[in-house]
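Reader: Before I rely on the labels attached to a model, I like to ask how each of them was reached. Could you take me through them, setting values against definitions?

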Amino acid sequence: YFIQINLRMAADGLVFGIGIGLFILILMWSLVVFIGIVTLRWSKGGIVTISLISVAAVVTIILIFIPRGDINAENLEPTDELFIPRILMICFMSLSVIIGSVFWFIFKCVQPVYAKHSAAMFERAAYRTQKHN
């Protein structure tokens, strides 16, 4: 029975009972957040980030209001009782991936390079010259 339901969902273009539109939105907003964080270090990064968020918001509004088709009484199927827990789990996992990626990027890819204290360099140079004299 479970395999039949999954095959029917795959034929309808659904993955785990969720349509392609939601996956497009998740991917788009994940990219917007990642690119926004990366570009905030640029001199004009705020403008880029705000424009990315604006474009993503417009695309989200357009995808929300696209008609999905007519709903007739004869086309109604039983509802999925696990829809909300599935959506919550996908949201939690997406948020975890985004936060993990941001922390990985910050702590592994963008490690700060600290300046060395100049007095220590002079002391070592002075020690070397004293040792050779």
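**Labels and their grounds**

Author: Helices α2 and α4 each supply at least two residues of the lining of the second largest pocket. This is a predicted model, in which local features need pLDDT of at least 70 and side-chain atom pairs count only at pLDDT 80 or more, while totals for chains, interfaces and linings use all residues. Residues are numbered from 1 along each chain as its sequence is written, and side-chain values use heavy atoms, with hydrogens and water left out.

Reader: What makes residues count as lining the second largest pocket, and which are they?

Author: A pocket is an open set of points on a 1 Å grid over the protein atoms alone, where a 1.4 Å probe fits, with protein on both sides within 12 Å along at least five of seven lines; lining residues have an atom within 4 Å of a point. Among those that line the second largest pocket are I26, F34, S94 and V102, and the space in this pocket is about 160 Å³.

Reader: How do you know that the span of α2 agrees with its number of residues?

Author: The expected span is 1.5 Å times one less than the number of residues. For the 20 residues of α2 (residues 20-39) that gives 28 Å, and the end C-alpha atoms are 28 Å apart, so the two agree.

Reader: Why are the buried residues of α2 said to line one face?

Author: Buried means under 20% relative accessible area, exposed over 50%, and partly exposed in between (1.4 Å probe, protein chains only). L25, M28, V32, G36 and T39 are the buried residues of α2. Seen down the helix axis, they fall within an arc of 80°, so they line one face. On the other side of α2, I20 and L27 are exposed.

Reader: Why is the pair of F34 and F105 called edge-to-face?

Author: Rings of Phe, Tyr and Trp (its six-membered ring) pair if their centres lie within 6.5 Å, and planes under 30 degrees apart count as stacked, over 60 as edge-to-face and the rest as tilted. By this rule there are 2 aromatic pairs. The rings of F34 and F105 are 5.7 Å apart centre to centre with 75° between the planes, hence edge-to-face. This pair links helix α2 to helix α4 (residues 83-109), across 71 residues.

Reader: Why is F34 called partly exposed?

Author: Its relative accessibility is 35%, so F34 counts as partly exposed.

Reader: What makes F103 and F107 a stacked pair?

Author: Their centres are 5.9 Å apart, with 5° between the planes, and the pair is therefore stacked.

Methods. Helix = DSSP H or I, 4+ residues; strand = E, 2+ residues; numbered from the N terminus. Arc of directions from axis to C-beta. Points joined across faces, edges and corners; volume = space filled by probe spheres on them.
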